[in-house]
Amino acid sequence: MGTNLPQVAQSTGLASYDNYIEPRLSIGDSVPNREFSTGHFKIQVDSEALALVIRNGAGMILWKSIHNLPFLLSSSGQDDIHPSADDSGVFSIRERDDQSTMLQTVTRIEKVDDETVRIYGGLGHRIVPPTHLDYELSLHELSQSQLQFSARIVRRDPSMANYRRLILTFESRSEECFYGFGESPSHINFKGHKVPVWIRENAQTLGKRSSTIIGKTYGLLPGMDLFMDNADRAGMPSHVCVPQFITSDRRCLFLENTEYSSFDMRNPDRVTIRVNADHVTGRLLYAASMLDLITGYTEYSGRMQTLPDWVTEGAIAGIQGGHQKVLDIVLKLVQHQVPLSAVWIPDWCGVRRQKRNDMTVQHSWWNWEADTGLYPFWPSFVDSLYREHGVRVLSYINPFLVDKPNARRNLYREAADNGYLVQNASSQPCRLSSSEWDTGLLDLSNPQACLWFKQVLKDQVWQDGVAGVMVDCGESMPSDPESIRLHGPILPSAFHNIYPTLWSQLNHEVTQELDYADQALCLYRSGFTQSPGNMSLLWTGDHTVSWDQQGGIKSALIGMLSAGFSGFSVNHCDIGGRSTVGGIFSGAAVVRSKELLLRWMELAAFTAAFRTHEGLQPELHAQFYSDEDTYTHFSHTAKLFKALSRYRKHLLQEAQEKGWPLMRHLALYYPEDPNTRELTHQFLLGEHLMVAPVLSPSTTFVKVYLPKESEQVSWRNIWTGKSFEADGKYKVVDTPLGQPAALIREPRQDGGLLNDLVDFANAASAYNVTSLK
């Protein structure tokens, strides 16, 4: 580890005077020690507690700063946020605070109007100039349960010109649990962790690192964490990242800023929010329950759009490889009586192959026109699949454009000539790929670029009759203001996090303008604070084809559950995962086993959509079409998914009306039960169905925790009829293949919406798969 030179200098007495100043809060004598009311909130600068205190009307403390410590700081220093060499959406982050204010004064507090209280004061190294910043903190009531806060620097001494960052700190109980922050691949409760809010790809799911399993097995690369910041070591990178949390103490906080921020909860008694802006705006919410907090938060974030009915009634089979292969597999699925709603064909626009480490992977040609080699009669093929078999077609797009040789219409050249791509410092298209093909990123700050690309999508994607598209990416927007030029008047560093929202908005507008919104499906993987209102379905991105928690099936479940706390209420994952993880040694890759695929199907049956993915290297992996057993299990689990259709539609209505997630972490219903706080292996589908999928290999049973209820409640296994008392204990539930643990709450209060599930389970009790080889 490196030497901390400032600490060494301080310990030897060689540091400057400022290094010995202890942080403190100073409250002026003229500041009244009383509460100021906004109507439903009470704000006090308490001169005895030496703290800022905010309460709701019932006296509940929503915010309290730490005794005699600043609740607002400012620092200088440029954070190092760098994309990977191949611009794959992977970013490294290292925060830098070269200097920080240590002293905060409160000089005045006043009631501006009936709903607003404002606090004035200063920040600095010393009380006197020339090391001083003047600030204002406004607290404005938006409703009886929402208080908006706005902190800004209003004047600065010349020596403080580089202090462009604000830091907020407030108290937290050591037992308080923090949920949200978007879609986390590794954590549910963030107490004890630091979360960077920067949308980015997880390097491990791209196959850039050896899997955790291989690393542990061979005991190699022990110093790898030296190249990652603390957040990376905790596995935090996510393409759905939101500056928002909900806690077990029934409070919610979120920022309206788009700049890079981080939330530090590593100290048990406090939360520190660090924002790369000198004007920070956010909101505090409280409610009677955590579910009600989600309702209040989604009034701002927006709520996800209604899914078409057909999505909830059958499988979406991911198939690629050309017209004949797709047709042959569809016919086999029909033969096996699979309820098949659609096929997703990601290579509809052709493929190109690229060497990555010791693997050759294939990418689509990002020119968004049908490939006449693989699909010579694409529009008629799309039409015939639906007309003859009732099977819809989904295609694939992203915001990249590639310079494709011999293209019928070269979109890259067209966009480059019109200034529709993100540009470099030389006002040329910023090349975003290390491959041999020039690749550009659509500049969504340019209204004309958005209009142009919407027409491209209408003419070259939707006009062919597809029922939906996978809307990929959104996390690769570069952010260096010295090397990146945008059309719009926004800094790249502030534009990076909102790029996915504008990307989802563009695609949502296309379906609205075509009048397809009610029947078309767009599925997304990247998002920020206000993305949910543009979306109908989220998927958890590129998981590794493994069992582990660092990218595999376990992380898929964690991601779906965590996203629900942040308004992403309707989500699912790629069945089987996507990414083949390269090994430490050449050829030592992790591939998808048959057992993993079958168990992943069982998990997916209880999500919002049932969609398979062939994987980055399809020839290496077990597929649903590999043999008779995989077809049989695919049919079985697709029917299980369909049996939940009526119940799922009820939950989708709740999602739209209240913002509540379909898949619910147990803490939403049992926040006082300490055993629920860290659970990552089971969940509630709605309120009435407890699910515990098999997430480990060679497993024939799971342990399910059933929280103690105030009333007489039990949970009945749909497969065996066995009933378990809700007594705050773990129960062992047998899970032979085809019978994932699914328990219905009794007495039944689901209005009969789960009857189809019970009927299916009774009829399928003799189900059997003969081999996992």
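This is a predicted model: local features need pLDDT of at least 70, side-chain atom pairs count only at pLDDT 80 or more; totals for chains, interfaces and linings use all residues.
**Entry 1: two helices side by side**

I looked up helix α12 (residues 594–604) and helix α13 (residues 628–643), whose axes come within 8 Å and cross at roughly 15°. That angle is under the cut-off, and therefore α12 and α13 are roughly parallel to each other. I noted that their crossing is right-handed.

Which residues make the contact between α12 and α13? From α12 I wrote down Lys594, Leu598, Met601, Glu602 and Ala604. From α13 I wrote down Asp629, Thr630, His633, Phe634, Thr637 and Phe641.

Next I checked helix α11 (residues 553–564), which packs with α12 at an angle of about 15°, the axes being 11 Å apart. That makes α11 roughly parallel to α12. Here, too, I found a right-handed crossing, with α11 passing α12. I listed Ile553, Ala556, Leu557 and Met560 in α11, which meet Leu596, Arg599, Trp600 and Leu603 in α12.

Helix α10 covers residues 499–513, and its axis and that of α8 come within 10 Å. The crossing of α8 and α10 is right-handed. On the α8 side, I see Cys450, Phe453, Lys454, Leu457 and Lys458 in the contact. On the α10 side, I see Trp503, Leu506, Asn507, Glu509, Val510 and Glu513.

**Entry 2: aromatic rings**

Then I turned to rings. A pair of aromatic rings is described by the distance of the centres and the angle of the planes. How many aromatic pairs does the structure hold? I read off 30.

I opened one of them, Phe181 and Phe245: the ring centres are 6.0 Å apart and the planes stand at 50°, so this pair is tilted. Phe181 sits in strand β15 (residues 178–182) and Phe245 in strand β17 (residues 241–247), so the pair ties together parts that are 64 residues apart in sequence.

Tyr420 is in the loop between α7 (411–417) and β28 (423–424), while Trp452 is in helix α8 (residues 447–460), so the pair ties together parts that are 32 residues apart in sequence. Tyr420 counts as buried at 12% relative accessibility, and Trp452 counts as buried at 12%. Helix α8 was already in my notes from its crossing with α10.

**Entry 3: a cluster, and charges over rings**

I found a cluster in which ring pairs link Phe610, Phe624, Tyr625, Tyr631, Phe634 and Phe641.

Which residue lies over the face of Trp366? I saw Arg352 there, at 4.4 Å from the ring centre. I also saw Arg611 over the face of Trp344, at 5.0 Å from the ring centre.

Technical notes:
Residues are numbered from 1 along each chain as its sequence is written. Side-chain values use heavy atoms; hydrogens and water are left out. Rings of Phe, Tyr and Trp (its six-membered ring) pair if their centres lie within 6.5 Å; planes under 30 degrees apart count as stacked, over 60 as edge-to-face and the rest as tilted. Helices (H or I, at least four residues) and strands (E, at least two) are DSSP runs, numbered from the N terminus. Buried means under 20% relative accessible area, exposed over 50%, partly exposed in between (1.4 Å probe, protein chains only). A charge sits over a ring if NZ of Lys or CZ of Arg is within 6 Å of the ring centre and within 35 degrees of the ring normal. Axes are lines fitted to C-alpha atoms, for helices over the stretch in contact, and angles run from 0 to 180 degrees between N-to-C directions. Angles under 35 degrees count as roughly parallel, over 145 as roughly antiparallel, 65 to 115 as roughly perpendicular and the rest as oblique. A crossing is left-handed if the near helix is turned anticlockwise from the far one by less than a right angle, and right-handed if clockwise. Contact means heavy atoms within 4.5 Å.
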